[in-house]
Amino acid sequence: MTPSRDISRLIEIMEQLRTPGTGCPWDLEQTFASIAPYTVEESYEVADAIVRNDLIDLCDELGDLLLQVVFHARMAEEQDAFSFGDVVEAITRKMIRRHPHVFPDSSGYIASSDVKGTWERIKAEEKTERAARKPMKEAPASSLLTGIKAGQPALARAIALQQKASTVGFDWNDPRAVLDKIREEADEIEAALDHGDKSDIASETGDLMFALVNLARHVDADPEMALRGANAKFERRFAYIEQALVARNRSLEEATLKEMDALWNEAKEREKEGSFRIPISS
């Protein structure tokens, strides 16, 4: 098997990876659910390469994202649901249909109507047609939260759910009340830890994160930006620990947790004093 610029080669590679008996054990045990987090991660890495304006990385990350599409399509084909070709056909049909001002219809007519209005109308038509193709199910009960998109990042969706619920008064009026809820959720995690139930621990951890998002909303802090700031702070302080150890001719592996924690607090204090700098070894 050799590399190729042809998409069919990538499809062949995935087929071989998913072939029982001769394929890759890890790839064979994957499901839509287990692969989904990787799909999201690759999307973020594409966005990160764009932010950094690194086109070499962008090419690589787009390949990783494409692999995710091929992976999902292969698993669907194994279930006789659809194939990669069906995915391509569906999106090409959609793009042609949504751009009648660019692509002529069967009579050769090209629309000159409002682009945005046409786009929204066609999307609505597609949604109705898609619903009609699906097996009849019992209609879900109408809910205030029905319109909140399920596909957006969890932090953004948590905010959207909370904001929508707040429109009917289901909300706290004081950030300190949210703090009480955070303490309550932390206690429930502690209880779950005592029982050692991983599923329960994960569920309670999710509840705590949801409450933290609620606190961010009440103090007008963007939780995504707040977490990015915390990430940057962690990287900065950890770099201080690394370089301080280098200056002492010690490695991370040699250092004790107590020693690293002391250096962390030292970095924290220097940040407060405005004298933060990465130690330079002599």
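The exercises below go through helix contacts, salt bridges and loop residues of one structure.

This is a predicted model, in which local features need pLDDT of at least 70 and side-chain atom pairs count only at pLDDT 80 or more, while totals for chains, interfaces and linings use all residues. Residues are numbered from 1 along each chain as its sequence is written, and side-chain values use heavy atoms, with hydrogens and water left out.

**Exercise 1. The pair α8 and α9**

Task: Find how helix α8 is oriented relative to helix α9, and which residues make the contact.

Solution. 

Step 1. Helices are DSSP runs of H or I with at least four residues, numbered from the N terminus. Helix α8 covers residues 175-195 and helix α9 covers residues 198-218.

Step 2. Axes are lines fitted to C-alpha atoms, for helices over the stretch in contact, and angles run from 0 to 180 degrees between N-to-C directions. The axes of α8 and α9 come within 9 Å and cross at roughly 170 degrees. Therefore α8 is roughly antiparallel to α9, a term for angles over 145 degrees.

Step 3. The crossing of α8 with α9 is left-handed; in such a crossing the near helix is turned anticlockwise from the far one by less than a right angle, and clockwise in a right-handed one.

Step 4. Contact means heavy atoms within 4.5 Å. On the α8 side the contact residues are P175, V178, L179, K181, I182, E185, A186, E188, I189, A192 and L193. On the α9 side they are D200, I201, E204, T205, D207, L208, A211, L212, N214, L215 and H218.

Step 5. The residues of this contact between α8 and α9 divide into 13 nonpolar, 3 polar and 6 charged. Here Ala, Val, Leu, Ile, Met, Phe, Trp, Tyr, Cys and Pro count as nonpolar, Asp, Glu, Lys and Arg as charged, and the others, Gly among them, as polar.

**Exercise 2. E185 and its surroundings**

Task: Is E185 buried or exposed, and with which residue does its side chain form a salt bridge?

Solution. 

Step 1. E185 lies in helix α8.

Step 2. Buried means under 20% relative accessible area, exposed over 50%, and partly exposed in between, with a 1.4 Å probe and protein chains only. E185 has a relative accessible area of 5%, so E185 is buried.

Step 3. Leaving aside neighbours within four places in sequence, E185 is in contact with E204, D207, L208 and A211.

Step 4. A salt bridge is a side-chain nitrogen of Lys or Arg within 4 Å of a carboxyl oxygen of Asp or Glu. The partner of E185 is K181, at 3.2 Å from N to O. Both residues lie in helix α8, 4 residues apart, about one turn of the helix. K181 counts as partly exposed, at 24% relative accessibility.

**Exercise 3. Other salt bridges**

Task: How many salt bridges does the structure hold, and where do E271 and R237 lie?

Solution. 

Step 1. The total is 21 salt bridges.

Step 2. E271 and R237 form one of these, with the closest N and O atoms 2.7 Å apart. The pair links distant parts of the chain, 34 residues apart: E271 is in helix α11 (residues 257-273) and R237 in helix α10 (residues 223-247). R237 counts as buried, at 10% relative accessibility.

Step 3. E259 and R250 also meet through their side chains in a salt bridge, at 2.9 Å from N to O. E259 is buried, with a relative accessible area of 18%, whereas R250 is partly exposed at 30%.

**Exercise 4. Two loop residues with positive phi**

Task: What is the phi of D220 and of N249, and where do these residues lie?

Solution. 

Step 1. Most residues other than glycine have a negative phi.

Step 2. D220 has a positive phi, near 60 degrees. D220 is in the loop between α9 and α10 and is exposed, with a relative accessible area of 74%.

Step 3. N249 has a positive phi, near 60 degrees. N249 is in the loop between α10 and α11 and is exposed, with a relative accessible area of 71%.

Conventions. Angles under 35 degrees count as roughly parallel, over 145 as roughly antiparallel, 65 to 115 as roughly perpendicular and the rest as oblique.
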